[in-house]
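Let's take a friendly walk through the aromatic side chains of this model. Please have the sequence and the 3D view open as we go.

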Amino acid sequence: MTTPPANPNLLSGPPPTLLPSDATVAEAVASGAAAETIAARFPAASIGWALLAEEAMRDGRPVAAYAYARTGYHRGLDQLRRSGWKGHGPVPWSHEPNRGFLRALAALSRAAAEIGETDEAARCRQFLGDSDPVAVRELGLA
């Protein structure tokens with residue numbers, strides 16, 4: 001009988017963090033509900049804030065986008081920590097419930113760049129890439 005190694009590969013890093021799904025939030029998004037309605041009805045969910053930030057950027061309101069995106073980012077950090085995230089490790093784009101946080105993070109990077117916060121824009125983009133390089137491509141920051 002073979003004994004497993006005493007020290008598993010320590011370079012493999014933490015496992016991916018998968019946020020819990022919320023069918024009610026997902027249904028609201030899928031139904032095409034207004035971003036403001038989603039954010040007001042589900043303020044702890046990053047997706048409503050990310051949608052508001054994306055709308056504000058499209059409308060040429062980067063300061064509002066920054067505020068919405070920052071809210072979604074912080075709500076997402078709260079969820080990640082509750083899900084066992086320790087400040088690093090993958091947050092896969094392929095897991096649908098993670099997308100609200102990742103979208104808020106991308107929107108924060110864009111809005112920060114637009115208002116001249118270049119260091120924060122770069123940090124957010126790096127964080128997005130560290131979370132999942134696929135998200136960088138999917139969200140147009142590649």
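What follows is a tour of the aromatic pairs.

This is a predicted model, in which local features need pLDDT of at least 70 and side-chain atom pairs count only at pLDDT 80 or more, while totals for chains, interfaces and linings use all residues. Residues are numbered from 1 along each chain as its sequence is written, and side-chain values use heavy atoms, with hydrogens and water left out.

A pair of aromatic rings is described by the distance of the centres and the angle of the planes. Here, rings of Phe, Tyr and Trp (its six-membered ring) pair if their centres lie within 6.5 Å; planes under 30 degrees apart count as stacked, over 60 as edge-to-face and the rest as tilted. Searching the whole structure turns up five aromatic pairs. One of them joins Trp 49 and Tyr 68, a tilted pair with 6.3 Å from centre to centre and 35° between the planes. Because Trp 49 sits in helix H3 (residues 46–58) and Tyr 68 in helix H4 (residues 62–82), this pair ties together parts that are 19 residues apart in sequence. Helices are DSSP runs (H or I, at least four residues), numbered from the N terminus.

How exposed are these two? Buried means under 20% relative accessible area, exposed over 50%, and partly exposed in between (1.4 Å probe, protein chains only). Trp 49 is buried at 16%, and Tyr 68 is partly exposed at 25%.

Next, look at Tyr 73 and Phe 127: their ring centres are 6.2 Å apart and their planes at 85°, so the pair is edge-to-face. Tyr 73 belongs to helix H4 and Phe 127 to helix H6 (residues 118–131), so the contact ties together parts 54 residues apart in sequence. Tyr 73 is buried, at 15% relative accessibility, and Phe 127 is buried at 18%. Together with Trp 85 and Phe 101, Tyr 73 and Phe 127 form one aromatic cluster.

Note on methods: Helices (H or I, at least four residues) and strands (E, at least two) are DSSP runs, numbered from the N terminus.
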